[in-house]
Amino acid sequence: FLVDDSPMCNNDTYFNNQWALNNTGQNNGINGIDLNYCEAHQITAGDPNIIVAVLDQGVELNHSDLPNIHPYSFDTESLSSPSVIYDNHGTRCAGIIGAAANNNLGISGIAPNSTIMSISNSISETPDSRIKRANGIIVACNNGASIISNSWISAVSYEIIDDAISYALTNGRNGKGCVIVFSSGNNNASSVNYPSNLNGVISVGAIDRC
């Protein structure tokens with residue numbers, strides 16, 4: 001029998017604040033508007049062989065709530081390893097994806113058993129930075145990433161970014177293709193931003209707790 005242990009599914013310090021994972025109506029939200037995290041984790045919480053590359057401002061490689069960091073990381077700005085920290089956005093994204101669960105610490109990630117690979121970039125609004133992001137996609141693909149997570153947009157489209165995404169979709173996972181995820185945009189935008197609007201990309205939007 002499958003036991004429903006949802007009310008006690010997690011002991012992390014701030015799990016009760018994570019309405020997106022388990023919405024019990026906190027902060028005047030609507031009960032059940034969530035990802036069914038507790039129910040899903042009775043089936044799977046990810047797998048160490050699934051490597052999720054976070055192409056962002058760098059992931060804190062020694063973070064106490066991220067014990068699942070891949071030994072390889074890369075900085076697209078200096079074209080060297082390890083990755084570096086340009087700001088805190090990358091670590092936040094990594095935490096949402098893979099922060100350790102049930103360790104009485106911090107938050108819980110959606111797939112805490114999976115492995116996080118840090119690919120750092122300044123995420124600045126310069127052509128140079130965007131071209132280097134394209135290189136980061138290729139580096140992630142060539143170093144075993146199963147999934148490449150991108151929580152950034154570009155106001156200008158670049159053929160080199162298109163080509164990098166096409167390369168990863170074709171060559172990743174031993175020819176099966178990487179799963180490439182982009183944020184659709186912020187601020188209640190009515191359209192899907194580039195590169196999230198490219199064919200083959202999974203575009204992710206958002207809702208609120210209501």
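**Close-up 1. Ile119 and Ile148 touch the most other members of the largest nonpolar core, a group of 24 residues.** This is a predicted model, in which local features need pLDDT of at least 70 and side-chain atom pairs count only at pLDDT 80 or more, while totals for chains, interfaces and linings use all residues. Residues are numbered from 1 along each chain as its sequence is written, and side-chain values use heavy atoms, with hydrogens and water left out. A nonpolar core here is a set of buried Ala, Val, Leu, Ile, Met, Phe, Trp, Tyr and Cys residues joined through side-chain atoms within 4.5 Å. Buried means under 20% relative accessible area, exposed means over 50%, and partly exposed lies in between (1.4 Å probe, protein chains only). The elements that give two or more residues to this core are E1, E3, H3, H4 and E5, and H3 gives the most, with 5 residues. Helices (H or I, at least four residues) and strands (E, at least two) are DSSP runs, numbered from the N terminus. Apart from this core lies another, of 9 residues, among them Val52, Val54, Ile69 and Cys93. As background, nonpolar side chains tend to be buried together in soluble globular proteins.

**Close-up 2. Here are the neighbours of Ile119.** Leaving aside residues up to four places away in sequence, Ile119 touches Ala53, Val54, Leu55, Asp56, Phe74, Thr76, Gly136, Val139 and Ala140. Contact means heavy atoms within 4.5 Å.

**Close-up 3. Six strands form an open sheet with parallel pairing, in the order E2-E3-E1-E4-E5-E6.** Two strands pair if DSSP finds at least two bridges between them. E2 and E6 are the edge strands, each pairing on one side only. Follow the bridges to find your way: 2 join E2 to E3, 6 join E1 to E3, and 3 join E5 to E6. For landmarks, look for Asp75 with its bridge partner Ser120 in E3, Val52 with its partner Ile116 in E3, and Phe182 opposite Ser203 in E6.

**Close-up 4. Strand E3 is mostly covered, with 6 of its 6 residues buried.** Which residues of E3 point one way, and which the other? Thr115, Met117 and Ile119 point to one side, while Ile116, Ser118 and Ser120 point to the other. In a regular strand the side chains alternate between the two faces of the sheet.

**Close-up 5. Helix H2 lies across E1, E3 and E4, running at about 155 degrees to E1.** The angle is taken between N-to-C directions, on a scale from 0 to 180 degrees, using axes that are lines fitted to C-alpha atoms (for helices, over the stretch in contact). Because 7 of its 10 residues are buried, H2 is largely enclosed by the rest of the structure. The buried ones are Gly90, Thr91, Cys93, Ala94, Gly95, Ile97 and Gly98. What covers them includes strands E1 (51–56), E3 (115–120) and E4 (147–150).

**Close-up 6. The axes of helices H3 (residues 127–142) and H4 (residues 159–171) come within 8 Å and cross at roughly 10 degrees.** The two helices are therefore roughly parallel to each other; angles under 35 degrees count as roughly parallel, over 145 as roughly antiparallel, 65 to 115 as roughly perpendicular and the rest as oblique. From H3, the contact uses Arg130, Ile131, Ala134, Ile137, Ile138, Cys141 and Asn142. From H4 come Ile160, Ile161, Ala164, Ile165, Tyr167, Ala168 and Asn171. By class, the contact has 11 nonpolar, 2 polar and 1 charged residues. For this tally, Ala, Val, Leu, Ile, Met, Phe, Trp, Tyr, Cys and Pro count as nonpolar, Asp, Glu, Lys and Arg as charged, and the others, Gly among them, as polar.

**Close-up 7. The loop between E5 and E6 holds Ser184, Asn187 and Asn188.** Is Ser184 buried or exposed? At 14% relative accessibility, Ser184 counts as buried, and its contacts beyond four places in sequence are Ser191, Val192, Asn193, Ser196, Ser203, Val204 and Gly205. Asn187 has a positive phi of about 65 degrees and is exposed, at 75% relative accessible area. Asn188 also has a positive phi, near 55 degrees, and is exposed at 81%.

Close-up 8. For comparison, most peptide bonds are trans.
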